[in-house]
Amino acid sequence: MRLIERGSGSPRVAVVGGIHGDEPAGDAIVERLIAELSVDAGTIQLLIANEPALAAGTRYTETDLNRAFPGDPDSDDYEAVLATRVMQVLEGADAVLAIHTSRSVPPPFAIFSERTAPVRRTVTALPVEYVVDASGLRSTTMDSMLPHTVSIEAGKQGSDEAVEFGTECAYAFLRAHGILRDSEPTFAPKQIVRAIEEVPKSGGDPHLYYHNFEAIPEGAVFAEDDEYTHRVESEGVVPILASEHGYDDIFGLYGEFDGTLDPPETETPPSDDVNGETSAEQEGTTHPEANGNPQPGSAEGGVGTSPEADGS
Ligand SMILES: [Zn+2]
């Protein structure tokens, strides 16, 4: 695990890459942020999670980290112990963005498990059209165990496009939470797709007939292999993470459209704990605080700037 912290005070947000070692985009994006980011307010934690798996170019070394949360400090499995350390480091974070890629097809999308206010702020700021509500699925992923976490599927595993798109997402996330104040965040409603269940796969000659978020007609076959024929018997079912060869045991997930997630009522970032800077909107004019409420104070002024620390 590699951890770099920048800035001080609140809010504290995190960008996490390298949860899966065969998805190099997250690692590349976090490295890019480490190289080029200057924080305008609050704290950012930049975390590269599974360094041994990245070095080996494999999804994990002993067990899938994103199926190992909240972790087990006494386990013999590397990733089970690592999950505990990731939880400790990120505990109390105000918002977390976890970057993934897949062998599924575009478009990129976001995933949440719990619809908290910071999750809503993150999701509606990301340049994606769809967000998957994974609350009905397994509870061993990072977004299900670490509050205020949003995962993104940034694109195709190993592609430059995934690095570019994931970087764009990271910047949008940092603007939405007030860490970067170089330009105003922009928010838009997102289509929620509720994940219903996994679609099992056995082995031998897999075939897929529908793309992600494309409605599967009632009675049509979504996928088949030597053992399974998955016929969809109800209306409104769409595939999520659909892939013939992406996973050993599933073709992906079935989902269902479930309304929209709307932008936060207050688009200004929740905290204004600026490190000695005047934000652009305050320059030259009286700040239009119609309700007379003061901005949240910088009560955390005593928290020191942390130098770059290798937390591993
Ligand atoms: Zn992943």
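The protein chain holds six helices and 13 strands. The model is a predicted one. Of the 312 residues in the protein chain, 43% are buried. Contacts between residues at least 6 apart in sequence can be sorted by how far apart the partners are, and 71% of these contacts in the protein chain join residues at least 24 apart.

Helix H3 runs over residues 78-90 and has 13 residues. From its first C-alpha to its last, helix H3 reaches 18 Å, close to the 18 Å expected at 1.5 Å a residue. Which residues of H3 are buried? They are Glu 79, Ala 80, Leu 82, Ala 83, Val 86 and Leu 90. Just after H3 comes Gly 92, which takes a positive phi of about 85°.

Next, consider a single residue in another helix. Glu 51 has its place in helix H2, which spans residues 51-56. Is Glu 51 buried or partly exposed? A residue counts as buried if 20 or more other C-beta atoms lie within 10 Å of its own, and as exposed if there are 12 or fewer. Glu 51 has 16 other C-beta atoms within 10 Å, so Glu 51 is partly exposed. Leaving aside residues up to four places away in sequence, Glu 51 touches Met 1, Arg 2 and Gly 18. Asp 27 is 24 residues from Glu 51 along the chain, and the C-alpha atoms of the two are separated by 9.1 Å.

Three strands form an open sheet in the order S9-S10-S11, and the pairing is antiparallel. Which strands stand at the edges of this sheet? They are S9 (207-208) and S11 (229-231). Each of these edge strands has a single partner strand, so one side of each is left without a neighbour in the sheet. Strand S10 covers residues 221-224, and S10 and S11 pair in the antiparallel sense over three bridges. Across from Thr 229 in S11 stands Glu 224.

Notes
Residues are numbered from 1 along each chain as its sequence is written. This is a predicted model: local features need pLDDT of at least 70, side-chain atom pairs count only at pLDDT 80 or more; totals for chains, interfaces and linings use all residues. Helices (H or I, at least four residues) and strands (E, at least two) are DSSP runs, numbered from the N terminus. The expected span of a helix is 1.5 Å times one less than its number of residues. Two residues are in contact if their C-beta atoms, placed from the backbone, lie within 7 Å. Two strands pair if DSSP finds at least two bridges between them.
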